[in-house]
Amino acid sequence: MTSPRVAVVGTGVIGAMTAWRLARRGADVIALDTLSPGHDRGASAGESRIFRTLYKEGSGYVPLLQRSGALWRELELSTGTRLLTMCGGLTIGPREHADVRAVRRCAEEHDLDHEVLDTAAARQRFAQHRIDDDEIMVFDPAAGVLRPEPAVQAALHAAGLAGASILPYHRVDEVAETARGWRITSGATHFDVDHVVFAPGPWARQLDPLSTLPVEIRLITAYWFATRDTAAHRPDRLPIAIRRHREAGFSCFPVLDGVGIKIIPHHLGWPILHDPAALPRSAEPEYARAASEAARRLLPGVVPHPVRIGTYAEGFTPDEHALLGPLPGHRNATVMTGFSGHGFKLAPVFGELGAELALGEPASHDITALDPGRRAD
Ligand SMILES: Cc1cc2nc3c(=O)[nH]c(=O)nc-3n(C[C@H](O)[C@H](O)[C@H](O)COP(=O)(O)OP(=O)(O)OC[C@H]3O[C@@H](n4cnc5c(N)ncnc54)[C@H](O)[C@@H]3O)c2cc1C
């Protein structure tokens, strides 16, 4: 019996992981991308990503996160690449903030290790964050920092070792259903496959069969700030953090490459982009000022003017949960998009689920909540 031939369209972190898990299962995989592996024009770049297990987005994610953690380790071992540093994670905010309550509830529901630091203990242990008198910290030991660019490359390397054909600089121009599966057209080249997995990230609506999916493109900007005491801001002393101050919210990443800590402000929202190709290279002054102000007010050990700014595009769904499942209205097609700012840590398990769906295997986790055909209300 010949192996099923599967095309993966898009090799950001989601497509790369799917190609890896498909090839590991013996599928004949081709994985195409317009750009190069680990490029910085989509959603899967920018030096660091948060991995955490106390999940404010819903405790139903915990089994997926645990499986993802195991797969990150498997990928590290099979490629000899360090991708995930378990520096722990903090949720910081007023005791009654919805996110602080959500992570505590998640810990209780799944009996997960965690520490609740009252204001005094938090100030003593993590003085890198300036906190107000009503703020606390919840520490998640099963959290860490991921390296996005090496992660994409490692997944594609592992996919290639397992037999996948990785085709960068192959934009998919057209996809058409055939009697047996799909015909994929990239320039003058056609590929006939049994199944197609669409993993085009924020470009989803530019592909014809995906054009009506409820995915909106948003611009997310990251800011790096130089630290006065760099050693105090490295992962061995500074966990990743989600900050929920009443005046500002951001995610915070320790120093990795010596440049500085990174923050991604949340409190001004993320502007809508109509085309990922229109990604600006710099930040609007209003956003840059807000990031500087948050750093000045809440991170006492940094020089509060960014030394580096990175802009990225991500696809968001109305309920901010991914679309992952059979493509509605089509046969032999799986769609994986709309990861809404929290897909990276889950990419290995999402890739595994994508592979299972593409090969007609039962899904190893309940993902009905991610059904691409669900109603928006
Ligand atoms: C700045 C930022 C910070 C984030 N922080 C976190 C975090 O800390 N933790 C976390 O878990 N998640 C985080 N996320 C979310 C996570 O990074 C994304 O959900 C994830 O990277 C989405 O990956 P993707 O593969 O779907 O998209 P992408 O990485 O954008 O990949 C899509 C790929 O498809 C290709 N493509 C598109 N159309 C075509 C076509 N027609 N033909 C061929 N190729 C095509 C593109 O070139 C691209 O390479 C963050 C996202 C951003 C933007």
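Modeller: What follows begins with the ligand and its surroundings, and then turns to charged residues and a few loops.

This is a predicted model, in which local features need pLDDT of at least 70 and side-chain atom pairs count only at pLDDT 80 or more, while totals for chains, interfaces and linings use all residues. Residues are numbered from 1 along each chain as its sequence is written, and side-chain values use heavy atoms, with hydrogens and water left out.

Around the ligand there are 34 residues, of which the closest are D33, H39, S44, E314 and K345; a residue belongs to this shell if one of its heavy atoms lies within 4 Å of the molecule. If you look for the elements that contribute to the shell, you will find that α1 (13–24), β3 (49–51) and β19 (308–316) each supply at least two of its residues. Such elements are DSSP runs numbered from the N terminus, helices being H or I with at least four residues and strands being E with at least two.

An N or O atom in the side chain of S44 lies 2.5 Å from an oxygen atom of the ligand, a backbone N or O atom of F344 is 3.0 Å from a ligand oxygen, and a polar backbone atom of I14 is 3.1 Å from an oxygen atom of the ligand. The ligand taken alone exposes 1000 Å², and the protein buries 96% of that, with accessible areas coming from the Shrake-Rupley method with a 1.4 Å probe.

Leaving out residues up to four places away in sequence, S44 touches G12, V13, R49, P148, E149, V152 and F344, where touching means heavy atoms within 4.5 Å.

From here we can turn to charge. The structure holds 29 salt bridges, each being a side-chain nitrogen of Lys or Arg within 4 Å of a carboxyl oxygen of Asp or Glu. In one of them R244 pairs with D99, their closest N and O atoms being 2.6 Å apart; R244 is in strand β15 (residues 240–244) and D99 in helix α3 (residues 98–110), so that this pair links distant parts of the chain, 145 residues apart. Both R244 and D99 are buried. E135 and R243 also meet in a salt bridge, at 2.5 Å from N to O, and because E135 lies in strand β7 and R243 in strand β15, this pair ties together parts that are 108 residues apart in sequence. E135 and R243 are both buried.

Strand β7 (residues 135–140) also holds D140. D140 is buried yet has no salt bridge, and R52, the nearest side chain of opposite charge, is 7.1 Å away. What does the side chain of D140 reach? That side chain reaches the backbone nitrogen of L54, at 2.9 Å. Beyond its neighbours within four places in sequence, D140 is in contact with R52, T53, L54, G88 and G89.

Another salt bridge joins E293 and R296, with the closest N and O atoms 2.5 Å apart. These two residues are 3 apart in helix α6 (residues 285–298), and so they are separated by about one helical turn. E293 is partly exposed, with a relative accessible area of 37%, and R296 is partly exposed at 46%. Salt bridges that share partners also join R21, R24, R67, E74 and E352 into one network.

Finally, consider backbone angles. Most residues other than glycine have a negative phi. Y169, which is not a glycine, has a positive phi of about 55°, and Y169 lies in the loop between β9 (165–167) and β10 (174–177). S340 has a positive phi near 55°, and S340 is found in the loop between β21 (333–337) and α7 (347–358). Is each of these residues buried or exposed? Y169 counts as exposed, at 60% relative accessibility, whereas S340 counts as buried, at 5%.

Notes:
Buried means under 20% relative accessible area, exposed over 50%, partly exposed in between (1.4 Å probe, protein chains only). Lys and Arg count as positive and Asp and Glu as negative; His and the chain ends are not counted. A polar contact is a pair of N or O atoms within 3.5 Å; within protein, one must be able to donate a hydrogen and the other to accept it, and residues adjacent in sequence count only if both atoms are side-chain atoms.
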